[in-house]
Amino acid sequence: MFKHPLCTARRRFSSVANTAVVTLAILIASSLTPVWAQKASSDKSAAPVTAAPAPAPPSTAAVAATAPSALVPTQVGLLSNIPIPAIAAKAWITVDVTSGQIVASSNPDMKIEPASLTKIMTAYVAFTAVKEKRLSLDQQVSVSQLAWKTRGSRMFIEPRKPVTVDELLKGVIIQSGNDASVALAEVASGSESAFVAVMNEEARRMGLTNTVFMNTTGLPDPQHMTTVRDLATLARRMINDHPTFFPYYAMREFTYNKIKQSNRNRLLWADPSVDGMKTGHTDAAGYCLVATAKRGDRRVITVLVGSDSMATRAEESLKLLNWTFQNFETVKLFDQTHAAVEAQVWQGKVDSTKLGVSEPLWVTVPRGMAGEVKTIAKRPDPLFAPLAKDERVGTLTLMLGDKMLLTRPLLVLDPVQRAGFVGRTVDSVRLWFRKKPE
């Protein structure tokens, strides 16, 4: 076949150019090598070159990009033109379950006695044992003298009278039985004190930093303390972690030992959207209520402590639920497959990757303001391969004006393998010539 001289010249030029680029890359890369490394290399001149220069240590900007934001999430209620209602209670909080955001609160970190709200954790630990098959719902339980004699509200279990784990759970949740709480702890862990140790381990795992449990019942103890913020976190974990068992909280009555007792949560009768959660009362704690309702796709939790009567705690809790549902909305911005940002990658087999979140990202805002939410991705630049799936490379922050709503880890959605020697070397040269920001 006839070869035109011009084509041959072009091919020769291209080959020479490619060789020159790689040679230049190696020369520049070697010029960046420290003096001690160059000396060591000269002592081993016969050793073959097997790797491109490693990326430089992360810059101050890169480290800052992966550090937590200094901003503190703003309670959404403060961004609304609708005033926060006056609530007759010592402390209270309202939280959107889907987004996890606090909508509004009063004295959220004040130490308070949880009274029978303690039993939310008692039930949580027991549900976990059932879920892990360490207990079964139909398991027969022997009632101890200690459980039988427990003071306060009762399920009326008796020694030598059969009772199942399922019945004890209903006695704890619906009848608020202190005797049922102790019996449940004994069958799950051998003793109430051992069970309480598990409750406190769970509290630490959930991040309940201001909570200490001393018993399973909520009977007064100087060290038995929590906050409404911690109780809201616990209630949300109960809803999300044990959806199969959560319907126990919507049951209005339960009969055991021929004694029928009604659920003390009056909101189960007052509002059809309310399906939980737990009441509590002691002289020191006052009347307390963790309430939750689901309207459409939204679920809200309210925690209220220190009100003066059963009627007040129900009325004020419903006031908070209505205010939260009516004046705020929760919208989904991303799901776990949708990229929040596409980032350039250096020294990888591909030039870019998608960054996002590990689960659907919802945000709660005042009604009509969803379109004003801004997304800020904070990440290192340059971003080097290799990058593993779900590796954290920064933070994703949602802002409304100059107020931070929430922040989540920014993760790698598509993994990136490290490039070969030539690819890494060429990227090193590109970075060398890259114009630095002024």
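Mentor: Contact here means heavy atoms within 4.5 Å. This is a predicted model, in which local features need pLDDT of at least 70 and side-chain atom pairs count only at pLDDT 80 or more, whereas totals for chains, interfaces and linings use all residues. Residues are numbered from 1 along each chain as its sequence is written, and side-chain values use heavy atoms, with hydrogens and water left out.

Trainee: Which residues in α4 meet residues in α6?

Mentor: Helices are DSSP runs (H or I, at least four residues), numbered from the N terminus. From α4, K119, A123, A126, F127 and V130 meet V165, L169, V172 and I173 of α6.

Trainee: At roughly what angle do the axes of α4 and α6 cross?

Mentor: Axes are lines fitted to C-alpha atoms, for helices over the stretch in contact, and angles run from 0 to 180 degrees between N-to-C directions. The axes of α4 (residues 119-131) and α6 (residues 165-173) come within 10 Å and cross at roughly 160°, which makes α4 roughly antiparallel to α6 (angles over 145 degrees count so).

Trainee: Which residue is stacked with F127 in an aromatic pair?

Mentor: Rings of Phe, Tyr and Trp (its six-membered ring) pair if their centres lie within 6.5 Å, and planes under 30 degrees apart count as stacked, over 60 as edge-to-face and the rest as tilted. F127 is stacked with F245, at 4.6 Å centre to centre and 0° between the planes. Because F127 lies in α4 and F245 in the loop between α9 (228-241) and β5 (253-256), the pair ties together parts 118 residues apart in sequence.

Conventions: Helix = DSSP H or I, 4+ residues; strand = E, 2+ residues; numbered from the N terminus. Parallel < 35°, antiparallel > 145°, perpendicular 65-115°, else oblique.
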